[in-house]
Amino acid sequence: MGLPRVNKLHTRPTSLEEQFAPHVEKKWAGDMILELRLRGVDGTRIGDALAEVNSHCAESGERPEDTFGDPVTYARSLKLPSVEDTAIDMVRVVAPVLVQILGMLLLLWSFTDWRRGSLFNLTSGEALTAAALTVEVIAVALLAQPVLRFLVRHPVLTFGALVLNMGLFVFAAAIWDNVVAEFPPMWALTLGAAAMLGGLMWGFFGRTGLNSPDDPIESPLSGPLPNAAAGDTKRRPRRSPWETFLPLMIPIATALQLAMGWLLIR
């Protein structure tokens, strides 16, 4: 009779909370990390703060809420300095996404006319939608911290606001249908594709000079992270598949909609 198999998936930490605060309740540590992240605190300082809480809980055997209280209140009481990007930096971060979105709209609007062999008619509703979307994206960039805080604390309301916003755009494009510009659809398709590709390349290669979004939480102790490869003495944050896929979401969504349009439009 063979020995029972050991599930090795549980032999190493699977989350930030387990890596850096194994003696702290996961939810408490997670709420503390989230609050510090929302306040723009860098990963090294977050690691130091977590290590202090973890050390106390390990030595005393107490629960973190018994000593430090509510995790959000405690995180705010630390008054750790933030490394927030300037407003211009935040606009630079979202600008590639905005260019991709405008390229997507131009592609989708002109594709139907190209498929049907007619001229592309840009309506006042479409122009208003593009202008309003540009203003909204820039406003979100300038108010990044309160917007992120609202999104995290109220995800359902955020989703409802996005749906309502999208509905207003569709309504505007439907009722204001007077033509403000008319030109061959291939021009619009070419411009839209160029904007899509340009925004994608800008997003990939235009991040130098900004505070890196890959700001991992670090232990105050020297040495590599628990998951670092043997012999690798540097902390190299890995990108998750989601982080790699995220910049490609708009191009992929656009390609899927164009493929559907190709099949449905005659």
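Reader: In what order do the elements of the protein run from the N terminus on?

Author: They go α-α-α-α-α-α-β-α-α-α-β-α-α-α. That comes to twelve helices and two strands, where helices (H or I, at least four residues) and strands (E, at least two) are DSSP runs, numbered from the N terminus. Keep in mind that this is a predicted model, where local features need pLDDT of at least 70, side-chain atom pairs count only at pLDDT 80 or more, and totals for chains, interfaces and linings use all residues. Residues are numbered from 1 along each chain as its sequence is written, and side-chain values use heavy atoms, leaving out hydrogens and water.

Reader: What share of the 266 residues is buried?

Author: Buried residues account for 29% of them. Buried means under 20% relative accessible area, exposed over 50%, and partly exposed in between (1.4 Å probe, protein chains only). As for the surface, the protein exposes about 17,100 Å², with carbon and sulfur atoms supplying 66% of it; areas come from the Shrake-Rupley method with a 1.4 Å probe, and for residues only the protein chains shown count as cover.

Reader: How do I read the packing of helices H8 and H9?

Author: Two packed helices are described by the angle between their axes and the distance between the axes. Here H8 (residues 144-153) and H9 (residues 155-175) pack at about 110°, with axes 5 Å apart. Axes are lines fitted to C-alpha atoms, for helices over the stretch in contact, and angles run from 0 to 180 degrees between N-to-C directions. So H8 is roughly perpendicular to H9, given that angles under 35 degrees count as roughly parallel, over 145 as roughly antiparallel, 65 to 115 as roughly perpendicular and the rest as oblique. On the H8 side, Phe150, Leu151, Val152 and Arg153 meet Pro155, Leu157 and Thr158 of H9; contact means heavy atoms within 4.5 Å.

Reader: Which residues does leucine 38 touch, beyond those up to four places away in sequence?

Author: Gln145, Leu148, Arg149, Val152 and Arg153. Leucine 38 sits in helix H2 (residues 26-38), and it counts as buried because its relative accessibility is 10%. Take leucine 148: it is 110 residues from leucine 38 in sequence, yet their C-alpha atoms are 7.3 Å apart. Across the protein, 80% of contacts between residues at least 6 apart in sequence join residues at least 24 apart.

Reader: What is phi of lysine 79 near?

Author: Most residues other than glycine have a negative phi. Lysine 79 has a positive one, near 50°. You'll find lysine 79 in the loop between helix H5 (71-77) and helix H6 (87-116), and at 70% relative accessibility it counts as exposed.

Reader: Which residues make the nonpolar surface patch?

Author: Patches are made of residues with over 30% relative accessible area and no salt bridge, joining like charges within 9 Å and nonpolar side chains (Val, Leu, Ile, Met, Phe, Trp, Tyr) within 5 Å. A salt bridge is a side-chain nitrogen of Lys or Arg within 4 Å of a carboxyl oxygen of Asp or Glu. Here Trp114, Met186, Trp187, Met260, Trp262, Leu263 and Leu264 make a patch of about 850 Å². The elements giving two or more residues to it are helix H10 (185-205) and helix H12 (249-264), and H12 gives the largest share, four residues.
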